[in-house]
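The structure should be kept in view while reading.

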Amino acid sequence: MDSTQAIYDGLKDAEVDFIVSVPCVNLSKLLDMVDEDSEITHIPVTREEEGIGICAGAYLGGKRTAILMQNSGLGNSINALKSLMELYEFPLLMIMSHRGTEGESICGQVPMGESTPKILEGMDFSYFTPATPDEAYDNVRHAWEQSEDEGKPVSILLEISYW
Amino acid sequence: MARYEAIQKIMESIDDELIVCNIGFPSRELYEICDRSENFYMIGSMGLASSIGLGLAVAKPRKDVVVIDGDGSLLMNMGSLVTVFANNPSNLTWIVIDNGAYGSTGNQDTYAQKINLVDVAKGIGFKNSFNFDDIDLKDVIRSDDAGFIVYETEPGNSSAPIIDLDPITIKERFMSSI
């Protein structure tokens, strides 16, 4: 299975119908597919934190929500993830291109990349690091339900080697 | 006139609209003035009232959504002006109560004192960017473009108590009211 198709199929199986995004080059094919899908409302945002707020509002309106972003966006969103999403028990699927991992060519991505899993652990948020498209498909399609059960966002970290 | 009276005035125009209200004293005062299931009170995440309102308005295009925001919170999430304008949900009306102060933390000055927020929104492209005193709120709520309204007030908080609803209750009763 294609690495991008696996994520897309997982989102569709999870019936995600509302997506906000800040782009990453590794997500560009997925963003195109989301844009072309008339069943999914896609709102590009200026900064990840506002995207978290938009997803909270969309959930109040009955949508199943996801954010597509680089892991750098996690850093831009931490307070909103805690004092909005966790506080009110809003589910959210976070699909992150995990930069700064093995094979990274841009040194600026490395510090945040190395800290990203530790930040999620410190936040007490569940996350998955699929190595193959099959694993990713399986993780994504179940993550929404898990997020609803936990009352917290659930993340999928897609390392450079994944693609 | 301070924020409390401004919220009273706003609520005179509200029927079945959904309200997203800013963190701190704005939510406490709204809760005291007119608690209703259709009010979503923010308890954390300063700055995100307009973002929550945008997501809600896009998800529920047949419901009118009114955001009660503040100048300090707007300054924390200025990008939202761009995102709201670009998506232009006709059912969203974003009211900024501009008292030039971080009211809930002791009325420290905000930079909003130095700028004209109505002009900022017009500069981005908002067709409906007004001062509250110049409009009928219901007309803006019903218009075909997203609305941005600045309500200038004096700083100052009432004695409204802390909201005694837990966040899950606020969420669940809001969702069941839609």
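Chain B of this predicted model has a secondary structure of eight helices and eight strands. Its radius of gyration is 15 Å, close to the 16 Å that the globule rule gives for 178 residues, so chain B is as compact as a globular protein of that length. Chain A comprises seven helices and six strands.

- The C-alpha trace of chain B spans about 40 × 40 × 25 Å along its principal axes.
- Buried residues account for 50% of the 178 residues of chain B.
- Of the contacts in chain B with a separation of 6 or more, 69% are between residues 24 or more positions apart.

- Helix 1 of chain B covers residues 3–11, and its buried residues are B:Arg3, B:Tyr4, B:Ala6, B:Ile7 and B:Ile10.
- These residues lie on the same side of helix 1 of chain B, because they cover an arc of only 160° around the axis.
- In an α-helix there are 3.6 residues a turn, so residues three or four places apart point the same way.
- The packing partners of the buried residues of helix 1 of chain B are helix 2 (25–34), strand 3 (65–70), strand 4 (92–98), helix 7 (137–142) and strand 8 (147–152) of chain B.
- Helix 3 of chain B (residues 49–59) is largely enclosed by the rest of the structure, because eleven of its eleven residues are buried.
- Among the buried residues of helix 3 of chain B are B:Ile52, B:Leu54, B:Leu56 and B:Val58, and also the glycines B:Gly53 and B:Gly55.

**Nonpolar core**

- The largest nonpolar core holds 103 residues, and B:Ile68 and B:Ile95 touch the most other members.
- Neighbours within four places in sequence aside, the contacts of B:Ile68 include B:Ile95 and B:Ile97, as well as B:Ile7 and B:Ile10.
- B:Ile7 and B:Ile10 are also among the buried residues of helix 1 of chain B.
- Further contacts of B:Ile68 include B:Ile19, B:Cys21, B:Pro26 and B:Leu30.

**Chain A: fold and sheet**

- The elements of chain A follow the order α-β-α-β-α-β-α-α-β-α-β-α-β from the N terminus on.
- The C-alpha atoms of chain A occupy a box of roughly 40 × 35 × 30 Å along the principal axes.
- Of the 163 residues in chain A, 53% are buried.
- Among contacts in chain A between residues at least 6 apart in sequence, 74% join residues at least 24 apart.
- Six strands of chain A form an open sheet with parallel pairing, in the order 2-1-3-4-6-5.
- Strand 2 and strand 5 (127–128) of chain A are the edge strands, each pairing on one side only.
- Strand 1 (residues 18–21) and strand 3 (residues 65–70) of chain A pair in the parallel sense over four bridges.
- A:Ala66 in strand 3 of chain A stands opposite A:Ile19.

**Interface between the chains**

- Contacts link 24 residues of chain A with 26 residues of chain B.
- On the side of chain A that touches chain B, strand 2 (41–44), helix 3 (48–60) and helix 5 (78–88) of chain A each supply at least two residues.
- Helix 3 of chain A gives the most to this side, with eight residues.
- By class, the side of chain A that touches chain B has twelve nonpolar, eight polar and four charged residues.

Notes
Residues are numbered from 1 along each chain as its sequence is written. Chains are lettered from A and ligands numbered from 1 in the order in which they are written. This is a predicted model: local features need pLDDT of at least 70, side-chain atom pairs count only at pLDDT 80 or more; totals for chains, interfaces and linings use all residues. A residue is buried if 20 or more other C-beta atoms lie within 10 Å of its own, exposed if 12 or fewer, and partly exposed in between; C-beta atoms are placed from the backbone. The arc is that of the directions from the helix axis to the C-beta atoms. Two residues are in contact if their C-beta atoms, placed from the backbone, lie within 7 Å. Ala, Val, Leu, Ile, Met, Phe, Trp, Tyr, Cys and Pro count as nonpolar, Asp, Glu, Lys and Arg as charged, and the others, Gly among them, as polar. A nonpolar core is a set of buried Ala, Val, Leu, Ile, Met, Phe, Trp, Tyr and Cys residues joined through C-beta atoms within 7 Å. Two strands pair if DSSP finds at least two bridges between them. The radius of gyration is taken over C-alpha atoms; the globule rule is 2.2 Å times the number of residues to the power 0.38.
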